[in-house]
Amino acid sequence: MSKFTVLNHPLIQHKLTIIRNKDTGTRVFREVANEIAELMVYEITRDLPLEDVTVQTPMGETVQKTLSGKKLAVIPILRAGLGMVDGVLQLIPAAKVGHIGMYRDEKTLKPHEYFVKLPSDIEQRELFIVDPMLATGGSANMAIEALKKRGAQHMRLVVLVAAPEGVKAVQDQNPDVDIYAAALDEKLNENGYIFPGLGDAGDRLFGTK
């Protein structure tokens with residue numbers, strides 16, 4: 001089974017409380033969501049491989065560490081996933097960016113794929129799939145399957161808030177994909193939204209209703 005990790009760094013938890021607040025406006029919500037994504041990726045990338053490299057400092061030659069050529073990409077699930085991309089790129093500016101478009105049928109709660117655009121060398125990259133909410137797990141599973149179908153092999157799912165139902169759904173269907181969240185919330189409500197959650201992340205990011 002895949003690993004599920006809650007990143008409980010104090011700064012992450014503090015910033016998550018800010019965006020949970022219903023009175024937080026669009027600008028602050030957008031800024032803080034990206035800040036949380038940046039902090040999360042900082043924590044998640046602790047296991048990236050390093051290699052030795054020789055450099056010249058002003059004092060002379062030395063052998064130091066550098067990332068060992070690991071190719072990375074961030075894949076937001078549209079549209080709300082866009083609210084985490086800039087935070088990731090602040091930390092890893094050389095990462096490629098792909099996009100997967102999903103929408104949720106409000107009656108059936110089932111996801112539908114409408115757009116996929118990915119880097120050409122997707123199979124060589126470590127992918128960070130980003131989406132603020134992991135609710136039923138339907139969109140995440142569909143995105144993961146869309147990536148696998150196109151050759152992706154190394155993926156991690158990065159979300160701000162997860163529901164137990166969504167975590168279980170992804171672990172059951174994609175046990176090879178590790179999940180990272182800033183919080184594991186209580187449950188899904190009768191409308192399929194995470195409780196206590198933070199509302200509709202897309203609407204709050206983009207000021208839409």
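**Exercise 1.** How many of the 7 residues of strand β4 (residues 72-78) are buried?

*Solution.* First, the ground rules. This is a predicted model, in which local features need pLDDT of at least 70 and side-chain atom pairs count only at pLDDT 80 or more, while totals for chains, interfaces and linings use all residues. Residues are numbered from 1 along each chain as its sequence is written, and side-chain values use heavy atoms, with hydrogens and water left out.

Strands are DSSP runs of E, at least two residues long, and helices are runs of H or I, at least four, numbered from the N terminus. Buried means under 20% relative accessible area (1.4 Å probe, protein chains only). In β4, 7 of 7 residues are buried.

Leu72, Val74, Pro76 and Leu78 lie on one side of β4. Ala73, Ile75 and Ile77 lie on the other.

**Exercise 2.** Find the strands that pair with β4.

*Solution.* Pairing needs at least two DSSP bridges. Strand β8 (residues 126-130) pairs with β4 in the parallel sense over 5 bridges. Here isoleucine 75 stands opposite isoleucine 129. Strand β5 (residues 96-97) is also parallel to β4, over 2 bridges. There, alanine 73 has lysine 96 as its bridge partner.

**Exercise 3.** Describe how helices α4 and α5 meet.

*Solution.* Take α4 (residues 138-149) and α5 (residues 164-173). Contact means heavy atoms within 4.5 Å. Ala140, Asn141, Ile144 and Glu145 in α4 meet Ala169, Val170 and Gln173 in α5.

Note on methods: Axes fitted to C-alpha atoms, helices over the stretch in contact; angles between N-to-C directions. Buried < 20%, exposed > 50% of the residue type's maximum accessible area, 1.4 Å probe, protein only.
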